[in-house]
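Here is a quick tour for anyone meeting this structure for the first time. Have a look at it, then read on.

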Amino acid sequence: MNIKGGTKLIQEKWLIEDEYKETSIAILQQNLASLRVKLNINQEEMANIIGVSRQTYYSIETGKREMTWTTFLAIVFFFELCEATREMLKELSVFPIDLYIRFNDKQNEIYEE
């Protein structure tokens with residue numbers, strides 16, 4: 001599964017479509033164990049990094065619990081920061097790159113004034 005886009009700028013407010021969120025979360029959830037293993041960290045360490053209990057993380061990784069958008073963002077940003085997982089994350093196309101680009105373009109406009 002591969003997705004593109006997913007964000008829209010509407011009246012100066014950010015809107016991330018529910019379909020984009022759901023698809024991104026599903027893709028990430030299917031690949032959580034592989035991403036975590038690439039970094040050689042256990043579930044307890046990963047849970048601590050993103051601020052949830054080990055039981056909650058285990059339930060998310062095994063698909064017994066739905067991942068929230070907030071948890072998704074914490075996990076994605078963590079894996080994006082790690083060189084060992086950055087390329088895999090890029091291949092999964094779940095990093096909300098549109099947000100990054102638009103936010104930074106917006107910030108650049110502020111500093112250029």
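## Starting at Asn42

Let's begin with Asn42, which is partly exposed, with a relative accessible area of 39%. (Buried means under 20% relative accessible area, exposed over 50%, and partly exposed in between, using a 1.4 Å probe and protein chains only.) Asn42 sits in the loop between H1 and helix H2 (43-50). Its C-alpha atom and that of Arg54 are separated by 9.5 Å, and the two residues are twelve apart along the chain.

A word on the source: this is a predicted model, where local features need pLDDT of at least 70 and side-chain atom pairs count only at pLDDT 80 or more, while totals for chains, interfaces and linings use all residues. Residues are numbered from 1 along each chain as its sequence is written, and side-chain values use heavy atoms, with hydrogens and water left out.

## The overall layout

The protein has six helices and two strands, and along the sequence they follow the pattern β-β-α-α-α-α-α-α. Helices (H or I, at least four residues) and strands (E, at least two) are DSSP runs, numbered from the N terminus. Of the 113 residues, 40% count as buried.

After H1 comes Asn40, whose phi is positive, near 55°.

## Who packs against whom

The axes of H1 (residues 18-38) and H3 (residues 54-61) come within 8 Å and cross at roughly 120°. H1 and H3 are therefore oblique to each other. For these angles, under 35 degrees is roughly parallel, over 145 roughly antiparallel, 65 to 115 roughly perpendicular and the rest oblique. Axes are lines fitted to C-alpha atoms, for helices over the stretch in contact, and angles run from 0 to 180 degrees between N-to-C directions. In H1, Gln29, Leu32, Ala33 and Arg36 meet Tyr57, Ile60 and Glu61 in H3.

H2 and helix H4 (residues 69-81) pack at about 110°, with their axes 10 Å apart, and are therefore roughly perpendicular. Met46, Ile49 and Ile50 of H2 make this contact (heavy atoms within 4.5 Å) with Thr71, Ala74, Ile75, Phe78 and Phe79 of H4.
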